[in-house]
Amino acid sequence: MNLPGTSAPRRGLFISFEGIDGAGKSSHIDTLATWLRQRGHEVLVTREPGGTPLAERLRELVLHVTMDALTEALLVFAARRDHLQQHIEPALARGATVLCDRFTDATFAYQGGGRGFDLAVLRQLETWVQGGPAGLRQPDLTLWFELAPATAAARRAAVRVPDRFEAQDEAFFERVSAAYAARCAADPRRFARVDASAERPAVWAQIEAHLQTLARA
Ligand code: TYD
């Protein structure tokens, strides 16, 4: 019997944001966090690689130190393991909404698509890191910011000093983009495509529409 106030809280929603560097996803995460908080949700805003002290240290290495593709894959999954255990799972368990700037789709897109690393190894790591009694931990919704690699490159050039990924050529980002498109096609229920070439308010309107659809589901 569930007494008032003693029932387990409903598990929170897990939303990830994906897209190539320069697609403009990060600037919308805070807007969405405010939108959700105004509607009474507890929100955790976080990112990958990163989100915990250990994972942020691994992020520094992954973004700035030269390493081979397997080392890179192991480090992003090691960071993800700590992030899931320390932050994401406890937040979801207490009913918070988790907004995560990138998650495992980025590994399949960047290490798998961009670097051409073995997808079977990535799937194995994913099973070890995200597997649990209830199956594989995945976002409930993934907002994929789609933007032509040439447009994203022009946006990046205007604003920042590149890290190891941002310094890659356009062919790399074409492969990353194609990998995102393939993952979106393979899992259309989880993915929601956002046309990131639109003006900022029009991009936000698409996000809001996807959230309303999720709330009705
Ligand atoms: P990003 O999230 O774009 O942050 P910022 O806006 O501060 O640059 O940068 C993280 C980079 O890490 C991005 O280039 C993609 C890369 N990445 C991977 O290669 N694999 C992964 O699994 C994740 C999560 C990120």
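## The nonpolar core

In this predicted model, the largest nonpolar core has 60 residues, and those that touch the most other members are L32, L99, Y110, L143, F145 and I207. A nonpolar core is here a set of buried Ala, Val, Leu, Ile, Met, Phe, Trp, Tyr and Cys residues joined through side-chain atoms within 4.5 Å, and buried means under 20% relative accessible area, whereas exposed means over 50% and partly exposed lies in between (1.4 Å probe, protein chains only). The largest share of this core, nine residues, comes from α3.

L32 shows what such packing looks like: leaving aside neighbours within four places in sequence, L32 is in contact with F17, L99, W204, I207 and L211, where contact means heavy atoms within 4.5 Å.

Residues are numbered from 1 along each chain as its sequence is written, and side-chain values use heavy atoms, with hydrogens and water left out. Local features need pLDDT of at least 70 and side-chain atom pairs count only at pLDDT 80 or more, while totals for chains, interfaces and linings use all residues.

## The sheet

Five strands form an open sheet in the order β2-β3-β1-β6-β7, and their pairing is parallel. Because β2 and β7 (191-195) stand at the edges with a single partner strand each, one side of each is left without a neighbour in the sheet. From one strand to the next the twist averages 20°, an angle between N-to-C directions that can run from 0 to 180 degrees, with axes taken as lines fitted to C-alpha atoms.

Strands, like helices, are DSSP runs numbered from the N terminus (strands are E, at least two residues; helices are H or I, at least four), and two strands pair if DSSP finds at least two bridges between them. Strand β6 (residues 141-146) is joined to β7 by five bridges, and within this pair L143 has A192 as its bridge partner in β7.

## Helix α2

Helix α2 has 12 residues and reaches 17 Å from its first C-alpha to its last, close to the 16 Å expected at 1.5 Å a residue; the expected span is 1.5 Å times one less than the number of residues. The buried residues of α2 are A55, L58, R59, V62 and L63. Seen down the helix axis, these buried residues fall within an arc of 130°, so they line one face of α2, the arc being that of the directions from the axis to the C-beta atoms.

An α-helix has 3.6 residues a turn, so residues three or four places apart point the same way. The buried residues of α2 pack against β2 and α3 (69-93), while P53 and R57, on the other side of the helix, are exposed.

The loop between β2 (43-47) and α2 (53-64) contains T52, which is buried at a relative accessible area of 3% and touches D82, H83, Q86 and H87, not counting residues up to four places away in sequence. P49 has its place in this loop between β2 and α2 as well, and a cis peptide bond with omega of about -15° joins E48 and P49.

Most residues other than glycine have a negative phi, and most peptide bonds are trans. R102, in the loop between β3 (97-101) and α4 (104-114), has a positive phi near 80° and is buried, with a relative accessible area of 11%.
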